[in-house]
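Dear colleague,

I am handing over the structure below, and after it you will find notes on what turned up when I went through it. Please read them with the structure open beside you.

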Amino acid sequence: MARPKVWLPRRLSAATLERARASYDLVEEPVDKPATAARIIEMSALVDAMIPCHSEQFTAEVAAVLDPRLKIIANHSVGVDHCDLAALRARGITVTNTPDVLSDATAEIAMLLMLGAARRAVEGDRIVRSGAWDSWSPAFMVGKQVSGARLGIVGMGRVGRSLAEKARGFGMEIHYHNRAELAADQAKGAVYHASLDQMLGLVDFLSLHCPITPQTRNLIDARRFALLPKDAVIVNTARGGLIDEAALLAAIGSGHIAAAGLDCFAQEPGGNRALAGEERIMMLPHIGSATRKTRDAMGYRALDNLDAYFSGKQPRDLVN
Ligand code: DGY
């Protein structure tokens, strides 16, 4: 039987490529830019499967015209908000993702951003790097202490729970808002808030770990920034659209919010130039899961799903 043909629209890890080449006929595009809708549609007629990333957009319009040859989209991402699942289901296209394996790496980046934003890392780095460091006093570059503070986590899934674990190491008191309250062995003492608004008033740090949906778009808007205590710090490693970026800038500008740490933006790639002038916002280019260990694990997980599909089994991470 001919080997399935698989399109890789992005540069994947060397270990992933080596394993993929052993089992599939690949169409490799070693690029770092999102594939256009036209390219996705064109490739659907030439391959049986694709391993796209979170930024290849499978909208309803794209799904409607995909070639019937395409059988499975084995995403190299845990997020599937780039896929119109209902439209792909209607076309009979299987969709999988890569949960679990990126939780620790993403939680590490959330911790980095939380510490960096709280302790003014962007400003400090700039001062030393530029040669502008010419003074020091106990009142110089004073930031906000993370240890012992209250952390509010929105979305207590795998990444949220991994962050909670790390934050406990800093003696943080964990609060969370989630669709449902966790069982005690998962909550590990974290305080559940059915109401997000109620939790916001209580926390020193807020970290977002929920998916983006029509209900969560601009979840943290001007009204909710105002609910946070003065001097709070917000971190987002989930999806940029969860925060109203203009409202964030206003909340930082007014001094109500002390700082922010962002690994994702409403517009990606590129980010938001309006945020760039504000040193109290630490920014990274969506690299939450970008460690060698996690990239290999994500690639392998996507291949596990493909292998299962093409051997007639149900893929482990079936989302559609
Ligand atoms: C994901 O997996 O959804 C991350 O955002 C990186 O792709």
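A polar contact here is a pair of N or O atoms within 3.5 Å; within protein, one of them must be able to donate a hydrogen and the other to accept it, and residues adjacent in sequence count only if both atoms are side-chain atoms. This is a predicted model, in which local features need pLDDT of at least 70 and side-chain atom pairs count only at pLDDT 80 or more, while totals for chains, interfaces and linings use all residues. Residues are numbered from 1 along each chain as its sequence is written, and side-chain values use heavy atoms, with hydrogens and water left out.

The ligand first. An oxygen atom of the ligand is 2.8 Å from an N or O atom in the side chain of Arg239, an oxygen atom of the ligand is 2.7 Å from an N or O atom in the side chain of His286, and a polar side-chain atom of His54 lies 3.0 Å from an oxygen atom of the ligand. Of the 230 Å² of accessible area that the ligand has on its own (Shrake-Rupley method, 1.4 Å probe), the protein covers 89%.

Now to the strands, which are DSSP runs of at least two residues, as helices are of at least four. Strands pair if DSSP finds at least two bridges between them: E6 runs parallel to strand E7 (residues 173-177) over 5 bridges, and parallel to strand E9 (residues 205-208) over 4 bridges.

Best regards
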